[in-house]
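Biologist: Please show me the model. I would like to go through its sheets and its charged pairs.

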Amino acid sequence: MKLSELFENVPDVEIRGLMADSRTKRPDSIFFCIKGMKFDGHLFVAQAIENGARVIVHSDPIAMDNPNVTYIRVKNVINAFNKVADAFYGYPSHKMMLFGITGTNGKSSIACIIRDIMNEFHPTGYIGTISIEYGNVKLPPLLTTPDIDDLHGILRDMLDAGMEACALEASSIGIEQGRVRSIDFDVAVFTNLTHDHLDYHGTLANYFQAKKEFFDNLKETAIAITNADDPYGMEIVADTKAQVVTYGIDHPADYQVIKYQLLKDRTRLTLKIKNMEYELETNLVAKFNVYNLLSAIAALNMKGISITMMLPYIKSLHQIEGRMERVNEGQPFNILVDFAHTPDGIEKVCQYASAITPKGKRIIAITGSAGKRDTEKRPVFGQILDKYCDMIILTEDDPRDEKPRDICEEIASGIKKTNYVIITDRYDAIRQAVELADINDTILLLGKGDERFMYREYGREAYEGDDNIVREVLHKYYFSEGEENGQEQVY
């Protein structure tokens, strides 16, 4: 593509790529001098030119001393990057149906539900915390919401692969950093807003404002779907130009569940839309998944998929990796793996565990808290676990350069009555939980979800995953012990 197709009054230079990281080798590219949290791209122009940049887009004064380079000064580099990336990749989001999901909890689940049901009618991709998926392609995740260049490039690849729609998780950090500013969203979903990312945003008000910006920037023909039961649900769409649609359980809403029954392996519910009522059954469990399903139904229905068309797919949705994932290898107790890493998320999982665990049986929780991230919530984790659990095992969860034991001690400061133990090695912690569990107890593996890595002081290393580890532990220690002792395993 020619530079003259992207900017006015510039030389007719051939452009073959975009760059925001000066360390990336990318010949014939445009380098955008982005000011990040730690680094300012203006300081790395020379390195970018060394690695192939032929054009520098900047907002601050810089030395323009290379005659082979074109320098373009703009007021806002992020806005320029968005505009250029959109054009460079051929406006992919404008040629697909784009669903954007934002909120503290539930983004991955809702995006995956939308993707799975929509896929039955239109080829649909997914971009988020779990992975990047479209057609037969499954790639490891980048950021929850990828950077500007990556995001447009992925959408272009999806479009070229025949995708007609995409469900995208829009994180508050991604929104605030302008990563989705040029994405053409058709539907935006708000899940909820609770304590999270305050290490980045500083205050809950700033966190809310980042989410609100997403809805404020929607086009008039878009649909804004919001949670009528959340305290921020109506405020977040107060200034949107889009059509507002509500969903809820406890308050009147356009899509309202008026009755539901939570069972161990499924949920039955009655959905009311205007004067019509629908009886639904789904393999999703827990009340918070009723909200997740409800928002996805609203999003899909508003884009033309009828409720009756959805019914067969709602009944047997694909297991969402690391989100209320049931591990069943034949053991006589419940095992749930969930990504819950916020106070609200942990409490909701614990509430569900309380509902399915018979009286007199125990809830055993294994969790930690990420190093260098939102440390204020650690004692709150302890308070919540103390309220619902019968045994707590505190362990590592992306400790980075903090000591796992110190993090665990901070969580433990909120525990007043429940027995707890600190086992910093996560594998050993999971093994201990399995060895402690009795018939009909419930084990909760919280925090890592489907993640296959662990952040340590020296960077990211491979991690087997909570789901794989607990299966391995069951077969290596739990079942094998029974066989060695000559016991017949009857459940």
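This is a predicted model: local features need pLDDT of at least 70, side-chain atom pairs count only at pLDDT 80 or more; totals for chains, interfaces and linings use all residues.

Biologist: Which residue forms a salt bridge with Asp186?

Modeller: A salt bridge here is a side-chain nitrogen of Lys or Arg within 4 Å of a carboxyl oxygen of Asp or Glu. The closest N and O atoms of this pair are 3.2 Å apart. Asp186 sits in the loop between H5 and S10, its partner in the loop between H7 and S11, so the pair ties together parts 33 residues apart in sequence. The partner is Lys219.

Biologist: How far apart are the closest N and O atoms of Asp184 and Lys219?

Modeller: Asp184 is buried, at 16% relative accessible area. Lys219 is partly exposed, at 27%. Their closest N and O atoms are 3.0 Å apart.

Biologist: How many residues separate Glu321 and Lys138?

Modeller: The two form a salt bridge, with the closest N and O atoms 2.6 Å apart. Glu321 lies in the loop between helix H9 (307–315) and S16, and Lys138 in strand S8 (residues 137–139). Helices (H or I, at least four residues) and strands (E, at least two) are DSSP runs, numbered from the N terminus. The separation is 183 residues.

Biologist: Why is one side of S1 and of S4 left without a neighbour in the sheet?

Modeller: The open sheet has the order S1-S2-S3-S4, with parallel pairing. Two strands pair if DSSP finds at least two bridges between them. S1 (17–19) and S4 (70–73) stand at the edges, so each has a single partner strand.

Biologist: What is the angle between H10 and S21?

Modeller: S21 belongs to an open, mixed sheet of six strands, in the order S16-S17-S21-S18-S19-S20. Helix H10 (residues 343–356) packs on that sheet, touching S16, S17, S18 and S21 (contact means heavy atoms within 4.5 Å). Axes are lines fitted to C-alpha atoms, for helices over the stretch in contact, and angles run from 0 to 180 degrees between N-to-C directions. The angle is about 165°.

Notes:
Residues are numbered from 1 along each chain as its sequence is written. Side-chain values use heavy atoms; hydrogens and water are left out. Buried means under 20% relative accessible area, exposed over 50%, partly exposed in between (1.4 Å probe, protein chains only).
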